[in-house]
Every structure is written in C-alpha cells, then in structure tokens.
Amino acid sequence: MQFGIRVNLAQFLQQLLQVLLVGMTIGMMRNVVPALAEGEFGVPRGSFMLLAAFVVAFGFVKGAMNFVAGRLAEHMGRKRVLLLGWLVALPIPALIWFAPSWSWVVFATVLLGINQGLTWSMTQTAKLDFTRADQRGLVIGLNEFSGYVGVALAGVATGYLAAALGPRAGLLWFGVAVIGLATLLAWLAVAETLPWARDEVKRHAAASAISATSFRPRYPAGVSAQPSTGEMFALMSWRDRRMAALCQAGLVEKFVDALVWAFWPVYLHQRGVDLPGIGWIVGVYGFTWGAAQFFTGKLSDRLGRHLLNAWGMWICGAGVAIMPLGEGAAWWSVSAAVAGLGMAMLYPNLSAAVADIAHPSWRASAIGIYRFWRDLGYGIGALGLGAAAALGGRLETAFWFVAVAMLASGGVLYRWGEETHPRLNPAT
C-alpha cells in the first residue's frame, strides 16, 4: 500500500471535511448556549457550578469515549467508529429545540461528548494511518486547523442565526444541516484505513523503514507485541515519563477550552456584548488557533515538538491571564488571539509527539488514551474553574486559576518531556 498525503489526497480531503464538520458540531454549542443559559434555560445568575455542569459532563464523557474509540478502531475499523459517532449526534438539535430546562442541555452535551470522542479521534487516526512519519506534524496541524476553523465558523454563524431566527431555531437548523451532511458523507465517501495501519506493522516486522528516512523513533521499552488495555493505560499514564508529561499537558490545556466554552460568553455577555459580537471575539481565538496550526504543525516537522509544546503552554496561559485586565472588544480580541496562538503551538504537536513514539501496532490505543486524559481536562477544568469562581465570587477568579495551571503544567512538560521527532532525536 502507498503512504503519503499526495497519493491518498482524495481520502485526505474527505477526512479534513469530516473534521471540519466535527468542529462545527461542537462549535454550535459554544456561543449561544452558555450566553443564554440564564434567560433561555433558567440557570440562576451566579450559579457557577451549575453553569459549568454541561462542560463537566462533556469532558468526562468525551474522555472516556476517546479511550474506547482507540481500542474499538483496532478491532472494528475506523470508518464504523466514525459513523457510529455521527449516529449518536443526530438527536442533539432536537434536544436543544425542545429543552424545557438546563438538564436537557446537559444530556445533549453528553451525546455531544460521545460524538466528539468517536469522530474526532477517528479523523486523526485515519489520516495517520496512510501518511508518512515525516508528515505527522503537518497532518495533525491540518486536522486541527480544519476542526477549529469549524468551531470558530459555527460560533459566528450560530450567533447570527440566533439573532435572526431565535436561539433554539437557529441551533436546530444549523445542527440538522451539519450533522446530516456529515453522517451521509461518512457512510458514502469515507474509506476504511485500517489496512494501511496493518501494512505498516508488517513493514516493521520485516525491518523496513516507515518513512523515507533511516531514523528510528524512540519507542518505549518493554512493551508487549499486543499490549492489553491495562498495560497501555499504565504506559501512557505513568510508566513512560515522556508519555505521562504529554498526557498531563493535554489535560491542563483543556482547562483553557473549558473556560472559553463555559465562561467567556457569559463574561462578555455580562459586559454588554451582543451574541454576534461574542461570536466574533470567541471566534478570534478559534480562527487564530485553527489558522496558525496550518504552520505550527509543519514547523514542528522541521524544528521539533518539545519547545513548541512548552512555550505554547506558557503563551496560551498568558493570553488567558490578560483578558480580564482590560476592557473593550479590541482588548478582548487581542487576548483571544494570544491564547489561540499558544494553543496552536501546542495542540497539534502534543498529539504528534505521542504519535512519534507510539508503535504502529498500538498507536490508535496510545492516541486514544492520550485523548482520554486530554479531554478529561474539560471535566476537571470545568469543575476547577467553577469552584474558583464560586470561592472568589466572580468570574475573573477562574481566569487566574487557568493561567496558573498552564504555567505549572508547561514547566512539568519542559522538565519531564524530551524531543520526540525521530530525525532530531533518533533511537540509538
């Protein structure tokens, strides 16, 4: 089988379109829903923990589904898991339309967590199956570029649709169109990529190179040929210090996304910004994150992952910290852009670092467990920022909590991690 973007371009573009639609599905829930939690869904003002509840639910469910998705994909194939993820999402627009209370929104977000855990994991895993090792930074950068441009586009679009049609009707029609199209394309146009992964394993067994280079990745030592779920979880979570450093960084960086989702729209709404305005300010974060990943993923293929990841943590935390220090759309947009730039530096390259040192026979499981810890950060982060805001009595306290966590986590990553690119730090 042939590996590389060019020779598999048609499927590569199909997978990019899939992740764009995945991003648009979560993006439709990140602007209108939290901003109107009080007026539309009956969340009392100042109920920080209740407001964060739907992000907590999303994080724990998506984290668990990432874990499951990786193992499922190695047995039943990538396409079936992708399609299952879209089928789970079909009721979400109707649940928001009929929702009599916030609990319905929380349930819709549980389904969204299942959808995102299955679909986003599969779009990334599928592209890694049929591309070369020296393209991983670019591949994951393009994957996340497409997904988070979708998040940003959906935030802006649903802001305008909510203003024109009402919040529930706007979300209903947007969601039906996006989820319906994605399900149809996953069924008819997406190919199964598991054969590429199996072919890569055979090449390893025959001592062939994965890529055009002769450099060998620094795979963890002492791993079984067919590791069990428990062995993989231990390896990723604490046994291999590099993998543990990457997993903790992934978990903490999701504190930022939890803040952006749960509290940024509320913070801006309380300062008089209308829904389209909120969509644009939050969209600056998403557009910067998405667009910059187009470059930062490829940059890591040349310069390495490690320093981009550590500095990305620190820059993203700085962007979060400066938002409550000023006023006005221009200030808030600059803060959002700084946070988005830091996220673009770290987000694709944490995943690329995991893929660098994960053997192809268990790469899908390794990515799934990394994504389990990473997206668990939604739930843990939302609990933390809800508690911080409740204890401090104001939303700004949540910003400081997230900024400090990013600074500390970046330090752990810098100290425990290492360069994983096989050309820059090959196995001896």
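**Note on cavities, helices and selected residues**

1. **Largest cavity: lining by class.** The lining of the largest cavity has six nonpolar, five polar and two charged residues. A cavity is a set of points, on a 1 Å grid over the protein atoms alone, where a 1.4 Å probe fits but cannot get out; lining residues have an atom within 4 Å of a point.

2. **Basis of the values.** This is a predicted model, in which local features need pLDDT of at least 70, side-chain atom pairs count only at pLDDT 80 or more, and totals for chains, interfaces and linings use all residues. Residues are numbered from 1 along each chain as its sequence is written, and side-chain values use heavy atoms, with hydrogens and water left out.

3. The whole structure holds five cavities of 30 Å³ or more. The volume of the largest is about 100 Å³. Volume here is the space filled by probe spheres set on the grid points, which are joined across faces, edges and corners. In all, 13 residues line this cavity; Arg-30, Val-151, Ala-152, Val-282 and Gly-283 lie nearest its centre. Helix H8 (136-165) and helix H14 (275-303) are the elements that give two or more residues to this lining. H14 gives the most, with six. Helices are DSSP runs of H or I, at least four residues, numbered from the N terminus.

4. **Second largest cavity.** Its volume is about 60 Å³. Its lining includes Arg-78, Asp-129, Glu-200 and Arg-363, along with Thr-125 and Pro-360. Helix H7 (102-130), helix H10 (194-205) and H17 each supply at least two lining residues. By class, this lining has five nonpolar, one polar and four charged residues.

5. **Glu-200.** This residue of the second cavity's lining sits in helix H10. Is Glu-200 buried or exposed? Glu-200 is buried, because its relative accessible area is 3%. Buried means under 20% relative accessible area, exposed means over 50%, and partly exposed is in between (1.4 Å probe, protein chains only). Glu-200 and Ser-361 are 161 residues apart in sequence, yet their C-alpha atoms are 8.3 Å apart in space.

6. **Helix H17.** The expected span is 1.5 Å times one less than the number of residues. H17 has a kink of about 25°, centred on Tyr-378. The bend at a residue is the angle between axes fitted to the seven residues ending there and the seven starting there. Most of H17 is covered, with 23 of its 30 residues buried. Gly-393 follows, with a positive phi near 75°.

7. **Ile-26.** Ile-26 lies in helix H1 (residues 9-27). It counts as buried because its relative accessibility is 2%. Leaving out residues up to four places away in sequence, Ile-26 touches Phe-58, Leu-112, Gln-116, Trp-120, Val-151, Trp-261 and Tyr-378. Contact means heavy atoms within 4.5 Å. Ile-26 and Gly-39 are 13 residues apart in sequence and 21 Å apart, C-alpha to C-alpha.

8. **Helix H4 and His-75.** H4 (residues 48-76) has 29 residues and reaches 41 Å, close to the expected 42 Å. Where does H4 bend by about 35°? The bend is at Phe-54. His-75 is found in H4. His-75 counts as exposed because its relative accessibility is 65%. Its C-alpha is 9.1 Å from that of Leu-194, 119 residues away along the chain. Just after H4, Gly-77 takes a positive phi of about 100°.

9. **Helix H12 and Asp-240.** H12 has 22 residues and reaches 32 Å, close to the expected 32 Å. Of those 22 residues, 21 are buried, so H12 is largely enclosed by the rest of the structure. Asp-240 lies in the loop between helix H11 (229-239) and helix H12 (241-262). Asp-240 is buried because its relative accessible area is 11%. Beyond residues up to four places away in sequence, Asp-240 touches Pro-220 and Leu-235.

Methods: On a 1 Å grid over the protein atoms alone, a cavity is a set of points where a 1.4 Å probe fits but cannot get out, and a pocket is an open set with protein on both sides within 12 Å along at least five of seven lines; lining residues have an atom within 4 Å of a point. Ala, Val, Leu, Ile, Met, Phe, Trp, Tyr, Cys and Pro count as nonpolar, Asp, Glu, Lys and Arg as charged, and the others, Gly among them, as polar.
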